[in-house]
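Here is a short report for a reader new to this structure.

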Amino acid sequence: MVYPIVAFGSPILKRVCHEVDPTSDDTKTLIDDMFETMYASKGVGLAAPQIGMSKRIFVVDGSPFSEDVEEELSAQLKNFKRAFVNPVIIDETGDSWSYEEGCLSIPGIHEKIFRLREIRFRSQNSSGDWIEEKLSGLSARIFQHEYDHIEGVLFPDRMSPLKRRMLQGRLKNISVGKVDTTYRMKLNVK
Ligand code: NI
């Protein structure tokens with residue numbers, strides 16, 4: 001089932017999400033629906049609050065993105081297709097680097113955002129076991145962006161105050177539905 005995407009300005013996008021049972025059928029169905037919704041809206045990542053569920057789940061698929069980058073990165077992104085359940089970042093290390101980010105909840109806005117290059121995290125597999133892993137570069141960045149969503153953080157929160165002020169009008173327009181998208185959006189989701 002394809003869900004509409006929750007628009008910027010919705011209170012649910014600012015809330016810290018709740019843990020879920022990784023073994024439940026509800027979680028499995030939700031993950032399937034999230035992949036379907038992400039592909040329908042042509043995103044590389046989608047977090048549960050973006051479809052109106054305050055749950056610690058996100059899905060990613062770097063492969064649509066892999067054609068735009070160098071060969072080495074491309075291979076890394078092609079295999080980066082996953083659902084993450086109850087993820088917890090353990091640490092972020094390496095240099096701070098910037099890259100242009102976008103977000104299905106904030107259509108039409110793309111800005112360079114600084115993040116640390118490497119992360120270590122744990123998350124639960126579908127049997128409920130905790131697995132610790134590492135990511136770096138663009139796949140870490142996609143993870144960090146989606147992880148922010150389940151912590152109630154959006155990428156404009158990571159912009160300079162000046163940049164945010166410059167984008168204020170466009171952000172306001174998105175929150176009231178004055179924006180063109182190829183996918184359905186839902187406003188002011190609590
Ligand atoms: Ni996003």
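## A glutamate to start with

Is glutamate 101 buried or exposed? Glutamate 101 is buried, because its relative accessible area is 5%. (Buried means under 20% relative accessible area, exposed over 50%, and partly exposed in between, with a 1.4 Å probe and protein chains only.) Glutamate 101 lies in strand β4. Its side chain joins that of histidine 145 through a polar contact of 2.9 Å. (A polar contact is a pair of N or O atoms within 3.5 Å; within protein, one must be able to donate a hydrogen and the other to accept it, and residues adjacent in sequence count only if both atoms are side-chain atoms.)

## How to read the model

This is a predicted model, in which local features need pLDDT of at least 70 and side-chain atom pairs count only at pLDDT 80 or more, while totals for chains, interfaces and linings use all residues. Residues are numbered from 1 along each chain as its sequence is written, and side-chain values use heavy atoms, with hydrogens and water left out.

Helices (H or I, at least four residues) and strands (E, at least two) are DSSP runs, numbered from the N terminus.

## Aromatic rings

A search of the whole structure finds 9 aromatic pairs. (Rings of Phe, Tyr and Trp, the last by its six-membered ring, pair if their centres lie within 6.5 Å; planes under 30 degrees apart count as stacked, over 60 as edge-to-face and the rest as tilted.) One of them joins tryptophan 97 and tyrosine 99, a tilted pair with 5.8 Å centre to centre and 55° between the planes. Tryptophan 97 is buried at 13% relative accessibility. Tyrosine 99 is partly exposed at 25%.

Phenylalanine 143 and tyrosine 147 are stacked, because their planes lie at 15° with the ring centres 6.1 Å apart. Both belong to helix α3 (residues 137–150), 4 residues apart, or about one turn of the helix. Phenylalanine 143 is buried at 0% relative accessibility, and tyrosine 147 is buried at 12%.

## Charges over rings

Arginine 141 lies over the face of tryptophan 97, 4.2 Å from the ring centre. The charged end of lysine 81 sits over the ring of phenylalanine 35, at 5.7 Å from its centre. (The test is NZ of Lys or CZ of Arg within 6 Å of the ring centre and within 35 degrees of the ring normal.)

## The largest pocket

The largest pocket holds about 480 Å³ of space. (On a 1 Å grid over the protein atoms alone, a pocket is an open set of points where a 1.4 Å probe fits, with protein on both sides within 12 Å along at least five of seven lines; lining residues have an atom within 4 Å of a point. Points are joined across faces, edges and corners, and a volume is the space filled by probe spheres set on them.) Of its 22 lining residues, Val44, Glu101, Gly102, Cys103 and His110 are the closest to the centre. Helix α3 gives the most to this lining, with 6 residues.

## Positive phi

Asparagine 86 has a positive phi of about 55° although it is not a glycine. This residue is found in strand β4 and is buried, at 0% relative accessible area. Asparagine 188 also has a positive phi, near 50°. Asparagine 188 lies in the segment after β7 (185–186) and is partly exposed at 44%.
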